[in-house]
Amino acid sequence: MGYAVAPHHSGVYPVHVQLYEAWKKVWNIKITSTEEYPHLKPARYRRGFIHKNIMVLPRQTCGLFTHTIFYKDYPGGPKELDKSIQGGELFFTVVLNPISIFMTHLSNYGNDRLGLYTFVNLANFVQTWTNLRLQTLPPMQLAHKYFELFPDQKDPLWQNPCDDKRHRDIWSKEKTCDRLPKFLVIGPQKTGTTALYLFLVMHPSILSNSPSPKTFEEVQFFNRNNYHRGIDWYMDFFPVPSNVTTDFLFEKSANYFHSEEAPKRAASLVPKAKIITILIDPSDRAYSWYQHQRSHEDPTALKFSFYEVISAGPWAPSELRTLQKRCLVPGWYASHIERWLVYFPPFQLLIIDGQQLRTDPATVMDEVQKFLGVSPHYNYSEALTFDSHKGFWCQLLEEGKTKCLGKSKGRKYPPMDSDSRAFLSSYYRDHNVELSKLLHKLGQPLPSWLRQELQKVR
Ligand SMILES: Nc1ncnc2c1ncn2[C@@H]1O[C@H](COP(=O)(O)OS(=O)(=O)O)[C@@H](OP(=O)(O)O)[C@H]1O
């Protein structure tokens with residue numbers, strides 16, 4: 001049948017990857033069900049998800065308890081059970097859910113006949129008083145039907161297990177929520193996120209994730225498919241609490257900024273996290289990104305000039321259109337920030353002026369420390385120095401040496417041509433106007449590049 005359940009839902013949700021792997025490998029389990037996702041009442045708000053190719057269906061609660069096997073012993077008296085069946089919670093669970101999954105004991109378990117009594121009466125009541133047609137299906141067909149009806153539920157939304165006492169109780173004792181970040185640097189790409197990362201890790205109380213073999217300092221969990229590996233995978237990037245003296249953990253993944261999924265996913269797992277974003281003129285950002293693609297030998301970026309990329313029309317080759325989108329869309333700053341603000345309150349969001357980060361990082365880092373509420377205060381004016389050879393601010397090491405970012409940050413390339421500058425200024429005009437309104441609403445100052453761009457509008 002390919003269907004199994006876990007005692008007390010343990011390992012099904014919050015997920016324990018080993019259970020899923022063993023189920024698949026040893027018993028070829030394809031379907032399970034749980035009452036825990038999310039741990040909500042009433043039962044009809046529960047959802048399904050698919051993890052490691054195992055379909056997890058929401059299970060309803062029927063109000064029968066392990067310890068109650070006799071009608072007369074039903075908590076609150078038998079009338080309570082009958083009320084639930086005859087138009088009460090159990091009736092509504094069936095009426096409001098196109099698919100309901102229940103689990104009762106076998107009727108020969110400790111003389112339990114309550115399951116039979118309940119469901120025979122429930123079916124009779126539903127058939128008498130509604131036009132609903134009741135049907136049963138074997139697990140496999142049922143699971144396919146479920147996700148056909150609710151395709152948007154296929155993707156899970158991981159919650160913080162420590163926000164729910166019941167989830168903490170059924171989670172492994174070895175696991176801890178202390179291996180989750182306190183803040184996220186979300187990007188966008190090419191705005192100085194690596195410089196900010198370098199400066200942050202200089203702070204004695206701030207710790208980043210360990211590097212990923214594939215994406216270097218970036219974990220890229222909330223935006224893409226790594227999310228489907230589950231939260232154990234994510235937490236493994238952060239140190240075990242007993243090995244470190246601080247809990248100020250953070251992670252920077254510059255693609256989070258414009259991701260459709262990241263804000264919702266981040267808010268579900270780390271709702272109290274602070275969010276830091278950096279903004280530079282979106283035209284400069286787009287140009288820097290294009291240069292980045294060229295130096296990574298992206299064939300389309302090598303084939304087409306910057307102007308060809310940004311101005312490509314609807315009939316341009318699809319690879320050019322794809323590159324164009326990746327180049328320009330992150331610069332729709334207001335839309336992306338608005339999406340983060342749907343899930344995080346404004347006081348949890350810090351918007352850094354990337355130009356200021358570049359020219360006066362010590363002042364920016366003071367602001368960042370204040371925003372994070374981290375102590376002790378670290379004196380960046382003494383710890384950073386301008387390296388005239390690199391042309392950027394770098395970490396000051398002993399004996400006057402410096403630690404700067406590598407060749408790939410602060411690249412040398414020709415200035416943007418004037419046609420591209422004019423094209424982008426017009427392309428981003430409305431987005432920039434929206435950004436100025438948003439910053440005004442948030443009570444934030446406008447960066448100088450934005451003031452200049454707005455002057456062109458008048
Ligand atoms: N201190 C310091 N050192 C080096 N580079 C600095 C610094 N401050 C800001 N910048 C600017 O950061 C740009 C790279 O941005 P990111 O680190 O966000 O790029 S990435 O998305 O991680 O690839 C990089 O862009 P390019 O100049 O186009 O290389 C720099 O202009």
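Is the crossing of α10 and α18 left-handed or right-handed? The crossing of these two helices is right-handed, meaning that the near helix is turned clockwise from the far one by less than a right angle. Helix α10 covers residues 282-295 and helix α18 residues 418-427; helices here are DSSP runs (H or I, at least four residues) and strands are E runs of at least two, numbered from the N terminus.

The axes of α10 and α18 lie 9 Å apart, at an angle of about 125°, using lines fitted to C-alpha atoms over the stretch in contact, with angles from 0 to 180 degrees between N-to-C directions. That makes α10 oblique to α18 (under 35 degrees is roughly parallel, over 145 roughly antiparallel, 65 to 115 roughly perpendicular, the rest oblique). S283, D284 and A286 of α10 meet R421, L424 and S425 of α18, where contact means heavy atoms within 4.5 Å.

**About the model**

This is a predicted model, in which local features need pLDDT of at least 70 and side-chain atom pairs 80 or more, while totals for chains, interfaces and linings use all residues. Residues are numbered from 1 along each chain as its sequence is written, and side-chain values use heavy atoms, leaving out hydrogens and water.

**Two disulfides**

The whole structure holds two disulfides, that is, pairs of cysteine sulfur atoms within 2.5 Å. In one, the sulfur atoms of C162 and C177 are 1.9 Å apart. C177 is buried at 14% relative accessibility (buried is under 20%, exposed over 50%, partly exposed in between, with a 1.4 Å probe and protein chains only).

C394 and C404 form a disulfide too, with sulfur atoms 2.1 Å apart. C394 is buried at 0%, whereas C404 is partly exposed at 25%.
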